[in-house]
Amino acid sequence: MQLPQLSSKWQIGLLLSAWLIFATLLIPILQQSLIVHLFIAIPGLMFLGYLMGRTILPEPSTIAKWNQTGIPMLLMASLLFIFWMIPRFLDSSIQQQSFYLLKIFSLTFLCGLPLAWSLKKVSYITLNFFRIEFIATLFRMTWLFMTAKERLCINYLYSEQVLVGKTFLILAILFSLWPAIRVVFGQHKESTQKLKQEYNHAK
Amino acid sequence: MRDLILTVFFLCAGIALIYLKTDSFQAFTAESARRYDIEKQPIKLSDYQLIDVNGEQMNFSDLQGKTLLIDFIYTRCPTVCTLLGSSYAKLQRKIIKDNNLNNVALISVSFDLTYDNAAALKAYQQRYTQTPEQWYMFVPTSKQQLHTILNEFGVVVIDDLYGGFIHNSAVHITDAAGYLVKVTDWQNNEELNRAITSVIK
């Protein structure tokens, strides 16, 4: 992805203030609805962290030494993402200030940011392993939200929970279809090249 | 090598974090967490100020010495509370008949301060039963009292978008010393009976 070129001061100021406004002013509004909380607030926090990782906060060399393959940081980001998908902690982040702060910091700086550092580095096979796991998690969430007979979050309505389940299903299907779409529309050349490179490298 | 060490570390730390924060993989929702926490560590309840069906003010501590089955309602409720009401009426008949349950009382607390007063509570109760014996209905005296009650019980009340409310409905059992010791489903009779017997003992 090509990012617009701005002077670094501007970038730092813009991104940090965007994060501050989003995390402190918008999140309390966005999390009033479960569907917005899950599909806009949480990905939004992660995306801002990702943008910071691509621009103003490159990976420090000490971390890079421990994250040569990109796997450790990608794993940390994935586990934190799973943590915030547990209904109990969504409720906690609404009811308890400490969990709220934990959410906005961890999703941006321990999830989105390391993703930006790691995604450039991970091998094509690892990346796809995580992709498949991500899609599987979307299906797991679909199953959880669509089959639960009771409310999973005490701060949200049951009707919205079912809607969230359906949204997870649509996302899961779209993400599963994405590779197929890429293959059909000619992006496969790039993928096979990458695979060949890795194969040769492994040999 | 470093990568491997860090990967293993994150994997263990992640699993440990989720294990610790979900009470050993037992409570993945706030409601199950609430029940788990209360059973592990009963909560000493404050002395709330309440208004009964006759419009008289009383204190929660006046009921100490009894085993209380407390539920939360609002009298305009068209769904759950209606079921809860008839379920409580059934329970009331049972505890009146059963001599072992003489010291058990049913409590319904309304959280709808705008609409519910002594008269509304009385009408609600009369919909389900002819006698108020061993079944007390209350509304908190103030918003602040209500807030304290809901907070201590861990009950969250939200708007249902149709002018009513949705809340985590359950039966809360307190022991004779005024501790909240158990939260259980009211739909499951067996579980409820088991819970009552365990608290009485």
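Which residues line the largest cavity? The legends below take up this point and then turn to other close-up views of the predicted model.

**View 1. The largest cavity and its lining in chain B.** The lining of the largest cavity is made up of B:Tyr48, B:Leu50, B:Phe60, B:Ile70, B:Phe72, B:Ile107, B:Val109, B:Phe138, B:Ile149 and B:Phe153. Two or more of these residues come from each of β4 (67-73), β5 (104-110) and α5 (143-153) of chain B. Sorted by class, the lining of the largest cavity has 10 nonpolar residues, with no polar and no charged residues. The volume of the largest cavity is about 50 Å³, and the structure holds one cavity of 30 Å³ or more.

**View 2. The largest pocket and the residues nearest its centre.** The space in the largest pocket amounts to about 1,700 Å³, and 47 residues form the lining, with A:Leu119, A:Phe130, A:Arg131, A:Phe134 and A:Phe175 lying nearest the centre of the pocket. The lining of the largest pocket is divided by class into 33 nonpolar, seven polar and seven charged residues.

**View 3. Helices of chain A that contribute to the lining of the largest pocket.** At least two lining residues are supplied by each of α2 (34-54), α4, α6 (97-119), α7 (124-147), α8 (158-184) and α9 (188-202) of chain A. Of the elements that contribute, α7(A) gives the most to the lining of the largest pocket, namely 12 residues.

**View 4. The interface of chain A and chain B.** In the predicted model, 27 residues of chain A are in contact with 27 residues of chain B. The area buried between the two chains is about 2,300 Å², and carbon and sulfur atoms give 71% of this area. As for specific polar interactions, six residue pairs in polar contact, both members at pLDDT 80 or more, are found across the interface of chain A and chain B. On the side of chain A that touches chain B, the elements giving two or more residues are α3 (61-66), α4 (71-83) and α5 (87-95) of chain A. The largest share of that side, eight residues, comes from α4(A), and by class the side of chain A that touches chain B has 17 nonpolar, six polar and four charged residues.

**View 5. The salt bridge between A:Arg88 and B:Asp23.** Across the interface of chain A and chain B, one salt bridge is found. The side chains of A:Arg88 and B:Asp23 meet in a salt bridge, with a distance of 3.0 Å from N to O.

**View 6. The surroundings of B:Ser169.** B:Ser169 sits in the loop that runs between β8 (165-167) and β9 (171-174) of chain B. When residues up to four places away in sequence are not counted, B:Ser169 touches B:Arg35, B:Val80 and B:Trp186. B:Leu150 is 19 residues apart from B:Ser169 along the chain, and the C-alpha atoms of these two residues are separated by 12 Å.

Technical notes
Residues are numbered from 1 along each chain as its sequence is written. Chains are lettered from A and ligands numbered from 1 in the order in which they are written. This is a predicted model: local features need pLDDT of at least 70, side-chain atom pairs count only at pLDDT 80 or more; totals for chains, interfaces and linings use all residues. Side-chain values use heavy atoms; hydrogens and water are left out. Contact means heavy atoms within 4.5 Å. Buried area is the accessible area (1.4 Å probe) that two parts lose on being put together, summed over both. A salt bridge is a side-chain nitrogen of Lys or Arg within 4 Å of a carboxyl oxygen of Asp or Glu. A polar contact is a pair of N or O atoms within 3.5 Å; within protein, one must be able to donate a hydrogen and the other to accept it, and residues adjacent in sequence count only if both atoms are side-chain atoms. Helices (H or I, at least four residues) and strands (E, at least two) are DSSP runs, numbered from the N terminus. Ala, Val, Leu, Ile, Met, Phe, Trp, Tyr, Cys and Pro count as nonpolar, Asp, Glu, Lys and Arg as charged, and the others, Gly among them, as polar. On a 1 Å grid over the protein atoms alone, a cavity is a set of points where a 1.4 Å probe fits but cannot get out, and a pocket is an open set with protein on both sides within 12 Å along at least five of seven lines; lining residues have an atom within 4 Å of a point. Grid points are joined across faces, edges and corners, and a volume is the space filled by probe spheres set on the points.
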